[in-house]
Amino acid sequence: MPTPVAPRLHDLLAPWAGGPLPVHLTAWDGSAAGADPAQAPTVRLTSPQALRRLLWSPG
């Protein structure tokens, strides 16, 4: 079974953020990671293309 996407992204991005991400991540595979969704904004990635777009063309 493949590794869930959201926890992997959280682990990759946390060092850049200086610690745990201040957002809740929800990925296209149904996985979730990050801050408590009741207390933080949610970033919902609906496809691998959405992630690619955020990383390569954030504007």
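**Close-up legends**

**View 1. His 10 counts as buried, because its relative accessibility is 16%.** Here buried means under 20% relative accessible area, exposed means over 50%, and partly exposed covers what lies in between, computed with a 1.4 Å probe and protein chains only. The model is a predicted one, in which local features need pLDDT of at least 70 and side-chain atom pairs count only at pLDDT 80 or more, while totals for chains, interfaces and linings use all residues. Residues are numbered from 1 along each chain as its sequence is written, and side-chain values use heavy atoms, with hydrogens and water left out. His 10 belongs to helix 1, which covers residues 5–17; helices (H or I, at least four residues) and strands (E, at least two) are DSSP runs numbered from the N terminus. When neighbours within four places in sequence are set aside, His 10 is in contact (heavy atoms within 4.5 Å) with Pro 20, Leu 21, Leu 25, Ala 33 and Gly 34.

**View 2. The whole protein, shown for orientation.** Its 2 helices and 3 strands follow the order α-β-β-β-α from the N terminus on. The C-alpha trace spans about 30 × 25 × 20 Å along its principal axes. The radius of gyration, taken over C-alpha atoms, is compared with a globule rule of 2.2 Å times the number of residues to the power 0.38; because a compact globule of 59 residues would have a value near 10 Å, the 11 Å of this protein agrees with the rule. Of the 59 residues, 27% count as buried, and among contacts between residues at least 6 apart in sequence, 23% join residues at least 24 apart. The accessible surface comes to about 4400 Å², with 60% of it belonging to carbon and sulfur atoms; accessible areas come from the Shrake-Rupley method with a 1.4 Å probe, and for residues only the protein chains shown count as cover.

**View 3. The largest nonpolar core, with Leu 45 and Leu 51 among its members.** A nonpolar core is a set of buried Ala, Val, Leu, Ile, Met, Phe, Trp, Tyr and Cys residues joined through side-chain atoms within 4.5 Å. Leu 51, placed in helix 2, counts as buried because its relative accessibility is 17%. Beyond neighbours within four places in sequence, Leu 51 is in contact with Leu 9, Trp 28 and Leu 45, and Leu 45, not counting residues up to four places away, touches Leu 9, Thr 26, Ala 27, Trp 28, Leu 51 and Leu 54.

**View 4. Two prolines, Pro 4 in the segment before helix 1 and Pro 20 in the loop between helix 1 and strand 1 (24–26).** Pro 20 counts as exposed because its relative accessibility is 70%, whereas Pro 4 is partly exposed, with a relative accessible area of 37%. Pro 20 and Gly 34 are 14 residues apart in sequence, and their C-alpha atoms are 6.8 Å apart in space. Pro 4 and Ala 32 are 28 residues apart in sequence, with 8.3 Å from C-alpha to C-alpha. Leaving aside neighbours within four places in sequence, Pro 4 is in contact with Asp 29 and Ser 31.

**View 5. A nonpolar surface patch made by Leu 54, Leu 55 and Trp 56.** The patch has an area of about 380 Å². Trp 56 is found in helix 2, residues 48–56, and counts as exposed because its relative accessibility is 66%. Patches are made of residues with over 30% relative accessible area and no salt bridge, with like charges joined within 9 Å and nonpolar side chains (Val, Leu, Ile, Met, Phe, Trp, Tyr) within 5 Å; a salt bridge is a side-chain nitrogen of Lys or Arg within 4 Å of a carboxyl oxygen of Asp or Glu.
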